[in-house]
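Thanks for taking a look at this one with me. Below are some short notes to read alongside the structure.

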Amino acid sequence: MQAERILGGDLRALARAATAVENRTKEAEALLAELFPHTGRATIIGVTGPPGAGKSTLVDQLARALRAEGKRVGIIAVDPSSPFSGGAILGDRIRMQHHYADEGVFIRSMATRGQMGGLARGTLEMAMLLDAAGREAILIETVGVGQDEVEIARLADVTVVVLVPGMGDDVQAIKAGIMEIADVFAINKSDQPGADRLEQEVRANLLLASDHAKLDTPIVRTVAQEGKGVVELLGAVRLIKDKKIRNMAGLWGPRLCEMLRDRLLERMPADVIRAGAEAVGERRRDPFAVVEEWLRDWYPKPS
Ligand SMILES: Nc1nc2c(ncn2[C@@H]2O[C@H](COP(=O)(O)OP(=O)(O)OP(=O)(O)O)[C@@H](O)[C@H]2O)c(=O)[nH]1
Ligand SMILES: [Mg+2]
């Protein structure tokens, strides 16, 4: 019933479902199961980068560009609840408010629940909901600092890493984490000095990457506040998506692997794992026997 309304584009049903997904209710799980056959169509674009780089402004502009093409958009703002970003979501809400009158843009935020990987899972489920609801493009904003953000970036079909001029040393600092997940770089605030230098630095970093395909990573300059470079950015995102689809035979494989693994592990009580590790650590048992026992006890073969 609710699923039908969501598939039909009912906004109130979607908003209610989004809240249920955010709160991880049993109903949400049942609903997502029902909606699942209708997922896999949306383009999921991750936008990540350091605090204040202009991610929200850029997401807002991308949403506008997509709306201009008549596409329906979903935005997920991930709040890592870090001390840096207190109030970031509120700020985003205010900045993005002009979309609220437009039913073609649906905005939701996700907050950390404290458990490892939980944020990534919740975000994937929210994206699945929006996908089923007919949002052709889903934009996910995360602050690119921690592990959660790297995982969320992996959920996206295409990940845009937003950098800004004048943060030379920071490129070094964040390189390990987000340089490698970038499919496209946006050098935002290109109205400020230092864009040339930053582009050179990013290129130099790409040369060091072990993955040679990374050498072709597009670098697009943007001035998000003025909407400059946004159409070019969207073009680069689409090219990357097409390329990935050709090379990887679909983008959902790895994502679903993660999801299934996640679900499976969730069924395994943490204290059982801990007790097993302890027994192995004390050399009372060997690791192979412990795993065999787990498989027997927790994942029995259907008889
Ligand atoms: N000069 C200049 N300022 C910009 C540009 N894009 C965004 N800004 C400003 O930069 C500030 C931060 O922008 P946000 O879009 O909130 O940045 P963010 O990366 O989403 O920030 P957090 O979510 O808090 O990490 C705002 O005051 C924007 O108006 C740009 O291209 N040029
Ligand atoms: Mg923001």
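1. Helix H12 (residues 270-281) and helix H13 (residues 287-298) have axes that come within 9 Å and cross at roughly 155 degrees. Helices and strands here are DSSP runs numbered from the N terminus (H or I of at least four residues for helices, E of at least two for strands). Axes are lines fitted to C-alpha atoms, for helices over the stretch in contact, with angles from 0 to 180 degrees between N-to-C directions. That makes H12 roughly antiparallel to H13, a label for angles over 145 degrees.

2. The crossing of H12 and H13 is right-handed, meaning that the near helix is turned clockwise from the far one by less than a right angle. On the H12 side the contact (heavy atoms within 4.5 Å) is made by Val-272, Ile-273, Gly-276 and Val-280, and on the H13 side by Pro-287, Val-290, Trp-294 and Trp-298.

3. A word on the model: it is predicted, so to speak of local features pLDDT must be at least 70, and side-chain atom pairs count only at pLDDT 80 or more, while totals for chains, interfaces and linings use all residues. Residues are numbered from 1 along each chain as its sequence is written, chains are lettered from A and ligands numbered from 1 in the order in which they are written, and side-chain values use heavy atoms, leaving out hydrogens and water.

4. Which residues hold the magnesium ion (ligand 2) as protein donors? They are Ser-56 (OG) and Glu-141 (OE), lying 2.1 to 2.2 Å from the ion; donors are N, O and S atoms within 2.8 Å of the metal (3.2 Å for Na, K and Ca), and sites may look incomplete as water is not among the atoms. Ser-56 lies in helix H4 (residues 55-68) and Glu-141 in strand S4 (residues 137-143), so the pair ties together parts 85 residues apart in sequence. Ser-56 is buried at 8% relative accessible area, and Glu-141 is buried at 9%; buried means under 20% (1.4 Å probe, protein chains only).

5. Glu-141 is also among the residues touched by Val-47, as are Lys-55, Val-59 and Ile-140, not counting residues up to four places away in sequence. Val-47 is found in strand S1 (residues 43-49) and is buried, with a relative accessible area of 0%. Its C-alpha atom is separated by 7.8 Å from that of Ala-153, 106 residues apart along the chain.

Notes
Buried < 20%, exposed > 50% of the residue type's maximum accessible area, 1.4 Å probe, protein only. Parallel < 35°, antiparallel > 145°, perpendicular 65-115°, else oblique.
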